[in-house]
Amino acid sequence: MSTNPPNLRPDLAPKLQVREPVRTGQPTIGMVSLGCPKALVDSERILTRLRAEGYGVSPDYAGADAVIVNTCGFLDSAKAESLDAIGEALNENGKVIVTGCLGAEPDYIREHHPRILAVTGPHQYEQVLDAVHAAVPPSPDPFVDLLPASGVSLTPRHFSYLKISEGCNHKCKFCIIPDMRGRLASRPAHAVMREAEKLVDAGVKELLVISQDTSAYGVDIKHAADRGHRAHITDLARDLGSLGAWVRLHYVYPYPHVRQLIPLMAEGLVLPYLDIPFQHAHPDVLKRMARPAAASKTLDEIAAWRADCPDITLRSTFIVGYPGETEAEFQTLLDWMDEAQLDRIGCFQYENVAGARSNALPDHVPAEVKQERWDRFMEKAQAISEAKLAAKVGTRIDVIIDEIDEDAATCRTKADAPEIDGNLFIDEEFKGLSVGDIVRVEVDEAGEYDLWGKLV
């Protein structure tokens with residue numbers, strides 16, 4: 001049992017879980033998946049394709065004939081983590097194929113690790129397969145290697161990420177995701193629904209909808225309708241809500257049509273949870289970021305959402321220390337936080353990223369000032385979280401069980417996404433529970449980020 005750390009990087013996917021059995025003599029591939037949930041879905045797709053060709057999935061370096069490292073390139077610190085992971089895989093295994101966001105910079109990777117076998121960019125599945133074939137020829141057994149209908153999953157059996165689009169049309173100055181992953185490319189709605197139906201049929205209790213810009217889903221394909229499903233986030237959310245699983249929406253930009261999602265939450269079709277990357281609150285900082293600069297209108301939107309769905313949970317991430325950020329601008333962000341009273345809050349200290357336009361902005365904030373502002377921001381966020389959780393003591397809520405050990409059952413409420421939010425712990429009379437159960441508890445204790453409760 002572990003409580004939620006306050007300095008958790010707010011963009012990470014859960015640690016991957018490998019459950020695939022390996023037959024004697026089967027060629028096996030290991031996978032290291034770094035970064036966000038979108039990258040984890042890419043890893044699942046790669047392994048699903050390899051599994052269909054007769055490869056096994058190894059949970060460790062020693063049992064793998066080769067290792068794929070799916071990298072993150074969002075921040076320089078993430079790049080350093082990716083380089084470390086590549087180095088570890090080379091030392092432990094020797095045969096390493098690199099893919100993912102950092103793979104868009106092959107010269108940079110080879111400069112540090114010339115022994116890697118191949119480098120491919122993000123979502124270049126065919127090139128990854130070609131590299132695996134060259135390193136470890138397939139040896140399929142058609143009588144044994146049958147692909148599960150739901151594909152290979154790297155998350156616990158009871159929840160799954162559902163990627164609805166790739167790429168992004170925004171041009172935020174601090175972000176290079178559009179350069180690495182391209183412009184918005186939405187999946188057909190019927191294909192998303194078919195995948196979701198398979199997941200629910202396989203026992204998934206929670207669908208976590210992800211993309212780079214979930215609100216813009218379907219814009220690029222003119223909200224095309226096909227086989228009874230329309231590629232618009234409101235329609236898709238309603239359709240997903242009909243499957244009977246929890247549906248959680250991530251990376252939602254606050255466009256006006258987001259209002260149409262709130263009634264679905266009030267009705268219980270979709271979890272009352274919105275993950276919206278506000279990034280900052282001062283209009284001048286937002287303009288320097290090349291983001292919408294109407295923070296006051298955002299407060300009005302938040303008030304309207306809460307009026308229509310009082311139970312809604314709002315999560316967001318922010319950047320402190322952006323180039324040119326003054327003390328007054330940072331104080332505006334703190335004051336906005338007091339008004340907005342967001343439920344779940346994450347924060348990055350600004351970092352230069354190779355290729356980002358923000359690098360060229362004047363008046364970069366010194367590292368010690370960024371750290372001091374981050375500390376103050378997180379102190380504010382922690383106080384808000386602590387007060388909101390304290391208000392839940394005595395209430396009865398539904399939770400989904402993620403893990404059970406000798407000390408407690410670790411659960412999440414409808415207000416908590418895996419890895420990035422808090423937990424609820426049941427530390428009495430939990431022995432008869434199972435992972436994936438959805439049970440009702442009464443909250444009897446609250447901390448800064450987590451809750452404790454007892455079964456009703």
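The dialogue below goes from the overall chain to a sheet and then to a single residue.

Tutor: Please keep in mind that this is a predicted model. We shall start with the chain as a whole.

Student: How many helices and strands are there in the protein chain?

Tutor: The protein chain holds twelve helices and 20 strands.

Student: What radius of gyration would a compact globule with 456 residues have, and what does the protein chain have?

Tutor: For a compact globule of 456 residues, one would look for a value near 23 Å; the protein chain has 22 Å, which agrees. Along the principal axes, its C-alpha atoms fill a box of roughly 60 × 55 × 50 Å.

Student: Let us turn to a sheet. In what order do the five strands of the open sheet stand, and is the pairing parallel or antiparallel?

Tutor: Strands of a sheet pair through backbone hydrogen bonds, in either a parallel or an antiparallel manner. Here the order is E2-E1-E3-E4-E5, and the pairing is parallel.

Student: Why is one side of strand E2 and of strand E5 left without a neighbour in the sheet?

Tutor: Strand E2 (56-58) and strand E5 (118-119) stand at the edges and each has a single partner strand, so one side of each lacks a neighbour.

Student: How many bridges join strand E3 and strand E4?

Tutor: Strand E3 (residues 66-71) pairs with strand E4 (residues 96-100) over five bridges, in the parallel sense. As an example, Asn-70 has Thr-99 in E4 as its bridge partner.

Student: Which strands does helix H2 touch?

Tutor: Helix H2 (residues 76-92) packs on the sheet and touches E1, E3 and E4, with its direction at about 175° to that of E3. Helix H1 (residues 37-52) lies across E1 (28-33), E2, E3 and E4, and runs at about 175° to E1.

Student: Which residues is His-229 in contact with, leaving aside its neighbours within four places in sequence?

Tutor: They are Ala-189, His-190, Met-193, Ala-224 and Asp-239. With Asp-239, the side chain of His-229 makes a polar contact of 2.9 Å.

Definitions and conventions
Residues numbered from 1 in each chain as written. Predicted model: local features only at pLDDT ≥ 70, side-chain atom pairs only at ≥ 80, totals over all residues. Heavy atoms only, no water. Pairing = 2+ DSSP bridges. Helix = DSSP H or I, 4+ residues; strand = E, 2+ residues; numbered from the N terminus. Contact = heavy atoms within 4.5 Å. Axes fitted to C-alpha atoms, helices over the stretch in contact; angles between N-to-C directions. Polar contact = N/O pair within 3.5 Å; in protein donor to acceptor, adjacent residues only side chain to side chain. Rg over C-alpha atoms; globule rule 2.2 N^0.38 Å.
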